[in-house]
Amino acid sequence: MVAFGGSSRPVPSRVAATGLSFTFYATFAIVLMFLDQRGNWLEYARYGLSAAAYPVQLAVNSPTAAWDWLRDSFATRETLRAQNAALQAENRALELRTLRMEALQVENAQLRALRAALPEVVVKWLPAEVMNIELSTLRQRVVVNKGASAGVFKGQAVLASGGLIGQVLRAGPWSAEVILITDPEHAVPVQVLRSGLRTIAVGQGNAGVMTLPFLPVNSDIKVDDLLVTSGLGGVFPAGYPVARVTEVGRDPGQPLAQVRAQPLAAIDRDREVTFVWFRPGHPAAPVPLAESAPPPGLAGAPQDAPPRPAVAP
Amino acid sequence: MNARVHEPRGAMLLAAFIALIFQVVPLPDWLALVRPAFLVIVVLYWSISAPRAGGLFFPFLCGLALDVFRGAVLGEHALALVIVAFLAIRMHLLIRNKPLFEQALIAFAALALYEFVVWCIDGFSGHTLNSGLRWLHPITGGLLWPVVCGLLSRTHRPR
């Protein structure tokens, strides 16, 4: 920008970046950061910018998409038949497992002394594909090809086959950024299915590992315990599988146990995710937090989460 | 004749666009860790070899694009790139006359400065990411510098 010509050093006549223009751009950048970080005042600007970014994302994704299309269209009859058979077998297994679902629901309602069985908590779901865009190397985030035009909203829960996979961090018009449960800035309120123990599972920036850093040494947790969402925190509904405990370290000298778990959803391999909408008012639906919205990265964690204690790694 | 006619603005934008694509193309994890910051290198190159073509507006725009694509706080990469480009433009005559090897060292330092600024802002904005692996890419970036120079110097008439 030569327009900001108030040069303090006249000798090299071709100064392109004066201190003045530097101050201008640096201040502008800092103001932008402040507005974006503090007030969420740039929602609309973000929305527009992500619309502008969409064509490039499509272009980057296109080789993979073209390859998938080619593979699909040249799939042989044998492969298709095999696939079909496998899907039918899976479908039969699933049907068998849900046969007693109705009866169990009624029984559950009776046990809970309710008059009628509760309706399903999920009212709508929308499959989406993960786009091949790398966001940041050390973070666990993905871009998917459905956005606000399909009804996706910020803070929405995202499932994949196997279990919970993350939540929507930012929804653009045609694409959305999903923060995965394994991102180091993400935390899910979970419950140990066996014992009912509630805690928080935190991501580690690694697709196969989550940690449960806030459990005392004497807490009732074992290897192979299933962790499901506890429904606290206002984002995820109760009862969705999240991870399985793989390692419990109890050091008597430490106040807290070192617990690791493996996410059930194939986080680094699944190309398909599902956005879900919940019936508001359902007992299993997430209860929205009363007042302040949680910070974007930690929306899953309760506000009064204990500070991370100084545990030796 | 007006000097502006020769400013390689088209090549600049095209190079930045291609660099941006390289920066967001998915790679296997181990490769992604050493992926150089292509866009920063390209901005650095143009700041040194054509400082008047884009001024500080070009780095700012590239940084903003990076922010949008990487889902960072708006202005984070923009600030880092503006700082790096400002220093590079201020010293472009010095850097331009150095041998390629020294230029690569300077590029390494500039990339490290860039990563340092981003790291600081990450810390300020609460996006802590305490992995030492983020400091790997300036090394590969410095190694890539001669290649980028060789490619980009063909797109315009270096002065």
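Predicted model: local features only at pLDDT ≥ 70, side-chain atom pairs only at ≥ 80, totals over all residues.
Reader: How do you know that the span of helix α6 of chain B is close to the expected one?

Author: The helix covers residues 76-90, and from its first C-alpha to its last it reaches 22 Å. At 1.5 Å a residue, 21 Å is expected.

Reader: Why is A:Asp224 called exposed?

Author: A:Asp224 has 9 C-beta neighbours inside 10 Å. The cut-off for exposed is 12 or fewer, so A:Asp224 counts as exposed. This residue lies in the loop between β8 (210-211) and β9 (226-229) of chain A, and it has a positive phi of about 80 degrees although it is not a glycine.

Reader: Why is β9(A) said to pair with strand β6 of chain A?

Author: Pairing needs at least two bridges, and β6 (residues 187-192) and β9(A) have three, in the antiparallel sense; therefore they pair. Across them, A:Val192 stands opposite A:Leu227. β9(A) also pairs with β10 (residues 241-249) of chain A, antiparallel and over three bridges, with A:Leu226 opposite A:Arg244.

Reader: How do you know that domain 1 and domain 2 of chain A are in contact?

Author: Contact asks for C-beta atoms within 7 Å. Nine residues of domain 1 of chain A are in contact with nine residues of domain 2 of chain A. On the domain 1 side, these residues divide into four nonpolar, four polar and one charged.

Note on methods:
Residues numbered from 1 in each chain as written. Chains lettered and ligands numbered in written order. Helix = DSSP H or I, 4+ residues; strand = E, 2+ residues; numbered from the N terminus. Buried ≥ 20, exposed ≤ 12 C-beta atoms within 10 Å, placed from the backbone. Expected span 1.5 Å × (residues − 1). Contact = placed C-beta atoms within 7 Å. Nonpolar A, V, L, I, M, F, W, Y, C, P; charged D, E, K, R; others polar.
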